[in-house]
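Please consider the following sequence and structure.

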Amino acid sequence: MLHPAIGFMSNWGFSWSQVLGIGIYTQWTVNYALAVSAATIGYATGSDALVDFGSFISRPWPSFLLGTLVLVSVVVVLLAGMRFLKRFLNTFFVLAVAGSLATLLVFLANSRETFVEKFNRFMQNTQGLSDAYASVIATAQANGFSLPPESLGAAILALPLGYWVFIGFTYSAYIGGEIKEPQRTQTRAILAALAFGYVFYMAALWAYFNVVGREFNHAAAYLEYNTDQSPLPVAGVLNFFAGLLTDNVLLNVLIGVSFFLWHYLLLFVMVTIVVRNIFAWAFDHIMPIRLTEVTEKTHAPWVATIVVAVLAWVLLWASIFTPLFDYVFNYIAIFSVAFWITSFAAILLPYRRRDLFEAAPPNVRRKFFGIPLLSIAGAVNLVLFSVILYSSFTLPAFSGPVGPIAIAFLLGIYVSGLLLYFVAAALRRREGIDLNLLYGEIPPE
Amino acid sequence: MIWFRRKTRSDGLGIFFCSDVHGSTTCFKKFVNAATYYRQRGQPVHCLILGGDLTGKLIVPVIREDSHYRSYLLGREVELATAVELQEFVKQCETLGVYPNVFSAEEYEAFRSDSSLQEAVFRRLMLQRLEEWLAFAADRLRGLDVSCYILPGNDDIPEVDDLLAQASWIVNPDRKVVRLDDTYEMLSLGLSNPTPFECPRDVPEEELARLLDELASQVERLQTCIFTIHVPPFNTGLDLAPALDDELRPRIGPQGVEMAPVGSTAVREAILKYQPLLSLHGHIHESKGVARLGRTLCVNAGSEYSEGILRGALITLRDGEVASHLLVSG
């Protein structure tokens, strides 16, 4: 549909968004998820050691070292093979979901009054601050905070945030070749994941805002991200507030572990995606063949896995010790360009590859007023990602920095992908390999 | 030993290999046209090799009812009102690798209840399509400076050998060692280790090992020999297929479809023992890839025949080495 160089550029850009994401998510796994979980459990159990541990691992070097361990654990599990990885992810997915359900139940079982009372008591005991709930709102207001008005326009501009929440629902396509009847299973899995995510998020956020209060939540976030006057001992996140609402240690541990797992498990998914992309590039001779080497016992692509881990490790270091990410990491923008480009392929496929389209399953071949549904979906996707890209470059709070450096970085990633393809094609041609032949269709007649 | 071509080329020996077309006319025709297609794009191809499983697996009955036809394809009932629609349907079946056959209602009833009749019709349709293919190949390959090797696979009935033997411009290298040029020889075997489907050319591992030893003893220089063996070597990643239950359904565990290595241990041992330059395989459609066993580069081109997509491998041999390899799909 599109030139292979454009296809590679798109996949290259998407992969870099994931590699950058792995670097920063590894940091968040430690000093956001693990640190907050440790501190929350520490407060709930009265364990000063856990509270201190949470505080300790938020510092740069401990954060880096623990992040390194996290990355090593990801590599070890991935090298153990796909079967073990699936078992690992399934087991911890159940635990993570259980923790999230427990969090939801905690919010459903409490009222605003209970939360205010428990929050105030906690802050009095740990920080020596009285009437902290009202104080957080007042301090934020004194620093320029006001509750933003609700509008449809604001909701549309907030699409990147909504998109971020649901990111990953299409990732199962990466294992499409390894499942039974992918044309049916994939569709169901993607829709089921979206439905589950939607229902759960809506219920959890409704319960959360009902108990914590919208104004308080926004004020706490405002203080956290815009000032140094946040009185909270840890980041004011959902699981921290849930922890304050229950004295049950087991429930608190479950909520904390779940919060950590959602960050940690995502790393496996992201690394797997990048490894598979690198493997495919090498398999198609765009990258060195060495990257396709697999372990003899588990057939895990060990060279590509190590390469991704090393890249992520360098980026982990950069995210902790340098301000690089503050200037360049517009995650959603980098990510969305790939999906924006893919829209064109979907629009064009029924017209440029009629043979493929005609051979597709009936649900793919459906038409609406004579126009292929696939092309319509591509056009809708194009509009959606145009809005997301617009928001990404106008609302830095949602997706990251938007200055000229960030834009240059984004362009640099995609342009380098384009150049890389042509350089690889030229080098391979010298070896007698023509990359244009990879997917060239031999005429059957 | 069969001699097909003798001269060693300075630009190396270009090979296009594919396997498991399973009755798909589209894929077979693409295979035959591959040499011309790639040559026009600057990629020399001197040898075409099809590594087995030529025939399809399914008859699609088309029932004639008054002025129209009725059939069932890809889980859907199909009504064909005109001759053009019937023709398009037949073409779609040919792409998918299935055999459409028109029956009257009475003929279909007789066909349904008689397994020997089913077998006879199936056999006739398989051979008829293969015959058409071979005529097409002879027409296209005539005068073309390319050698074409087609061997049967474990799914192919014995009569396939007779048709291949009669074909012009094609060599069936099965159970032989053939010389591709002055430098390179090719040992070929279309058999497979036992499968749950009890295919016509499934044999025990011991038999495979014996045949491979016998054939290897006929090779003059193993370092520059190609092993074209339908079944891939065991546990190389080229042989991962869904594990099946007693009713031949894919086994679904808590982690999804369970995959298992189903390649041949005899083939693996033979490759490790004789260390040819290259080994070419098919059989396991979903395990497209390359692997190394010692010095031997092992290739499974995979198969997507039912989509009309031909998966293949473009390989250039030069100075006794594999100069390049590229898995293609088109």
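At roughly what angle do the axes of helix 1 of chain B and helix 4 of chain B cross? The axes come within 10 Å and cross at roughly 20°. That makes helix 1 of chain B roughly parallel to helix 4 of chain B; angles under 35 degrees count as roughly parallel, over 145 as roughly antiparallel, 65 to 115 as roughly perpendicular and the rest as oblique. Axes here are lines fitted to C-alpha atoms, for helices over the stretch in contact, and angles run from 0 to 180 degrees between N-to-C directions. Helices (H or I, at least four residues) and strands (E, at least two) are DSSP runs, numbered from the N terminus.

The model is predicted, so local features need pLDDT of at least 70 and side-chain atom pairs count only at pLDDT 80 or more, whereas totals for chains, interfaces and linings use all residues. Residues are numbered from 1 along each chain as its sequence is written, while chains are lettered from A and ligands numbered from 1 in the order in which they are written.

Helix 1 of chain B passes helix 4 of chain B in a right-handed crossing (a crossing is left-handed if the near helix is turned anticlockwise from the far one by less than a right angle, and right-handed if clockwise). On the side of helix 1 of chain B, Thr25(B), Phe28(B), Lys29(B), Val32(B) and Asn33(B) make the contact; helix 4 of chain B contributes residues including Trp133(B), Phe136(B) and Leu141(B). Two residues are in contact if their C-beta atoms, placed from the backbone, lie within 7 Å. By class, this contact has six nonpolar, two polar and three charged residues, where Ala, Val, Leu, Ile, Met, Phe, Trp, Tyr, Cys and Pro count as nonpolar, Asp, Glu, Lys and Arg as charged, and the others, Gly among them, as polar.

Helix 3 (residues 60–79) of chain A and helix 13 (residues 302–321) of chain A pack at an angle of about 165°, with their axes 10 Å apart. That makes helix 3 of chain A roughly antiparallel to helix 13 of chain A, and their crossing is right-handed. Among the residues in contact are Phe64(A), Gly67(A) and Leu71(A) of helix 3 of chain A, and Ala309(A), Trp313(A) and Trp317(A) of helix 13 of chain A. This contact comprises 15 nonpolar, four polar and no charged residues.

The sheets of chain B come next. Five strands form an open sheet with mixed pairing, in the order 8-3-2-19-20 (chain B); two strands pair if DSSP finds at least two bridges between them. Strand 8 (147–150) and strand 20 of chain B are the edge strands, each pairing on one side only, and the twist averages 15° from one strand to the next. Strand 19 and strand 20 of chain B run antiparallel and are joined by eight bridges, with Leu314(B) opposite Leu326(B). Their hairpin has two residues between the strands, and Asp319(B) takes a positive phi near 50° there.

An open sheet of four strands, also with mixed pairing, has the order 6-5-4-7 (chain B). Its edge strands are strand 6 (76–80) and strand 7 (99–104) of chain B, and neighbouring strands are turned by 25° against each other on average, direction ignored. Strand 5 (residues 68–73) and strand 6 of chain B pair in the antiparallel sense over five bridges; one of the paired positions joins Arg70(B) to Glu79(B). Helix 3 (residues 105–113) of chain B packs on the sheet, touching strand 4 (59–65) and strand 7 of chain B.

How is chain B divided into domains? Domain 1 spans 2–48 + 126–329 and domain 2 spans 59–124, bounds that come from an automatic or database domain assignment. The C-alpha centres of the two domains of chain B lie 31 Å apart. In their contact, 13 residues of domain 1 of chain B meet nine residues of domain 2 of chain B. Helix 4 (115–141) of chain B gives the most to the domain 1 side, with four residues.

Finally, the contact between the chains takes 32 residues from chain B and 27 residues from chain A. Helix 1 of chain B supplies the largest share of the chain B side, seven residues. That side has 13 nonpolar, 13 polar and six charged residues.
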